[in-house]
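These are my notes from looking through one model, and I wanted to keep each term beside the place where I used it.

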Amino acid sequence: MIRPKRKSTKKVLRPAFLYKSDLLEGGLEFYGKEFLEYLQIRNYSKSTIISMGENLGFFFTWAMERGLEFPQDIAKSVVESYQKYLYR
């Protein structure tokens, strides 16, 4: 007997940066939105795009709390600090 697929009850988080109309051109959120649109054009699954958007949103929030708004502000040491933040 084949069971019908169940719809997920997991609440989907939507990153706030996707809904901003005044994104700073050249900023992290601007490029994050561009990246997610690229994934959509390349036919990535909806769940992959949502997951990546959530993860980017968490990173962008963390970075902006530290005054890091542009890609050129992100160095290897910043990524290492974020990894430490995630695992503490």
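I began with the terms for exposure: a residue is buried under 20% relative accessible area, exposed over 50% and partly exposed in between, with a 1.4 Å probe and protein chains only. By that scale arginine 66 is partly exposed, at a relative accessible area of 41%, while glutamate 65 is exposed at 60%.

I noted that this is a predicted model, in which local features need pLDDT of at least 70 and side-chain atom pairs count only at pLDDT 80 or more, whereas totals for chains, interfaces and linings use all residues. Residues are numbered from 1 along each chain as its sequence is written, and side-chain values use heavy atoms, with hydrogens and water left out.

Entry on the fold. I looked up the helices and strands, which are DSSP runs numbered from the N terminus (helices H or I, at least four residues; strands E, at least two), and I found three helices and zero strands. Of the 88 residues of the protein, 25% count as buried.

Entry on charges. I searched for salt bridges, meaning a side-chain nitrogen of Lys or Arg within 4 Å of a carboxyl oxygen of Asp or Glu, and the count came to one. Arginine 66 forms it with glutamate 65, and their closest N and O atoms are 3.5 Å apart. I also saw that the charged end of arginine 66 sits over the ring of tyrosine 85, 5.7 Å from its centre; the rule asks for NZ of Lys or CZ of Arg within 6 Å of the ring centre and within 35 degrees of the ring normal.

Entry on rings. Rings of Phe, Tyr and Trp (its six-membered ring) pair if their centres lie within 6.5 Å, and planes under 30 degrees apart count as stacked, over 60 as edge-to-face and the rest as tilted. I counted seven aromatic pairs by this rule. In one of them, tryptophan 62 and tyrosine 85 are tilted, at 6.1 Å centre to centre and 40° between the planes. Tryptophan 62 lies in helix H2 (residues 46-65) and tyrosine 85 in helix H3 (residues 76-86), so this pair ties together parts that are 23 residues apart in sequence. Tryptophan 62 counts as buried at 5% relative accessibility, whereas tyrosine 85 is partly exposed at 35%.

Entry on a loop. Asparagine 43, in the loop between helix H1 (28-41) and H2, has a positive phi of about 65° although it is not a glycine. I noted asparagine 43 as exposed, with a relative accessible area of 68%.
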